[in-house]
Structures are given as C-alpha cells and as structure tokens.
Amino acid sequence: MLKKLDCCLNIIMVLVVIWFIGHGIYAFWDYKTHPDLYVVQSAPWYIGIYIYGIVTLIFLAVLLIVKLNYSKKDKDRGEVSLIIQ
C-alpha cells in the first residue's frame with residue numbers, strides 16, 4: 001500500500017514540475033507574441049512565473065514532507081524504501 005502511495009506522490013511531483021515549466025514557456029511565448037499588452041502593466045511580465053514558482057515550491061515541499069513521513073513509517077516497520085527513486 002505504501003509503495004502505491006510513494007508511486008502516486010512521485011507522479012504528482014513530476015506533474016507539478018512539468019506544469020510549472022509549461023506555464024513558464026507559455027508566459028514567455030505570450031510575452032514575445034503580445035508585448036504591447038505587457039507595456040500597460042506596472043509589474044514585469046515574469047512576475048507570474050515567480051508566483052507560480054513559489055506555489056510550486058510550496059506544493060513540492062508539502063509532498064516531500066508527506067513522502068518522508070510515510071518513508072519513516074516504512075522504516076519503523078522494518079521495510080526498506082527509497083525516498084526519491
């Protein structure tokens with residue numbers, strides 16, 4: 001059961017990172033294709049990428065804490081598992 005949870009957490013972590021990279025690429029593409037839209041904004045065009053980056057790091061930290069917590073429970077039961085595969 002804990003191996004399935006570990007696998008699911010790994011998949012979710014990878015998907016979150018891919019989501020962040022995809023958003024960054026889209027934001028850069030949108031800036032390059034529509035630069036006039038970003039002129040009227042008071043903040044630079046890449047602030048959205050920073051915000052998504054912070055949210056991504058927080059989400060990954062929470063998932064890593066959950067993963068480490070369940071990994072510790074595995075070790076307490078005598079099973080050996082890797083934290084990051």
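The protein has three helices and zero strands. The model is a predicted one. Along the sequence, the elements come in the order α-α-α. Of the 85 residues in the protein, 20% count as buried.

**Overall fold and surface**

- Among the contacts with a separation of 6 or more, 70% are between residues 24 or more positions apart.
- The protein has an accessible surface of about 6,700 Å².
- Carbon and sulfur atoms account for 72% of that accessible surface.

**The nonpolar core**

- Five residues make up the largest nonpolar core: Leu9, Met13, Val16, Leu60 and Leu63.
- Helices α1 and α3 are the elements that give two or more residues to this core.
- The most is given by α1, which supplies three residues.
- Leaving aside residues up to four places away in sequence, Leu9 touches Leu63, Val66 and Lys67.

**The salt bridge**

- A search of the whole structure turns up one salt bridge.
- The partners are Asp6 and Lys67, and their closest N and O atoms are 3.2 Å apart.
- Asp6 belongs to helix α1 (residues 2–33) and Lys67 to helix α3 (residues 47–76), so the pair ties together parts that are 61 residues apart in sequence.
- Asp6 and Lys67 are both buried.
- Lys67 is also one of the residues that Leu9 touches.

**The cysteines**

- In general, a disulfide is a covalent bond between the sulfur atoms of two cysteines.
- The structure holds zero disulfides.
- Cys7 is in no disulfide, and its nearest cysteine sulfur, that of Cys8, is 5.8 Å away.
- Cys8 is likewise in no disulfide, with the sulfur of Cys7 as the nearest cysteine sulfur, 5.8 Å away.
- Cys7 counts as partly exposed because its relative accessibility is 43%.
- Cys8 is partly exposed as well, with a relative accessible area of 42%.

**Points to locate in the structure**

- On helix α1 (residues 2–33), find Asp6, and on helix α3 (residues 47–76), find Lys67.

Notes: Residues are numbered from 1 along each chain as its sequence is written. This is a predicted model: local features need pLDDT of at least 70, side-chain atom pairs count only at pLDDT 80 or more; totals for chains, interfaces and linings use all residues. Side-chain values use heavy atoms; hydrogens and water are left out. Helices (H or I, at least four residues) and strands (E, at least two) are DSSP runs, numbered from the N terminus. Buried means under 20% relative accessible area, exposed over 50%, partly exposed in between (1.4 Å probe, protein chains only). Contact means heavy atoms within 4.5 Å. Accessible areas come from the Shrake-Rupley method with a 1.4 Å probe; for residues, only the protein chains shown count as cover. A disulfide is a pair of cysteine sulfur atoms within 2.5 Å. A salt bridge is a side-chain nitrogen of Lys or Arg within 4 Å of a carboxyl oxygen of Asp or Glu. A nonpolar core is a set of buried Ala, Val, Leu, Ile, Met, Phe, Trp, Tyr and Cys residues joined through side-chain atoms within 4.5 Å.
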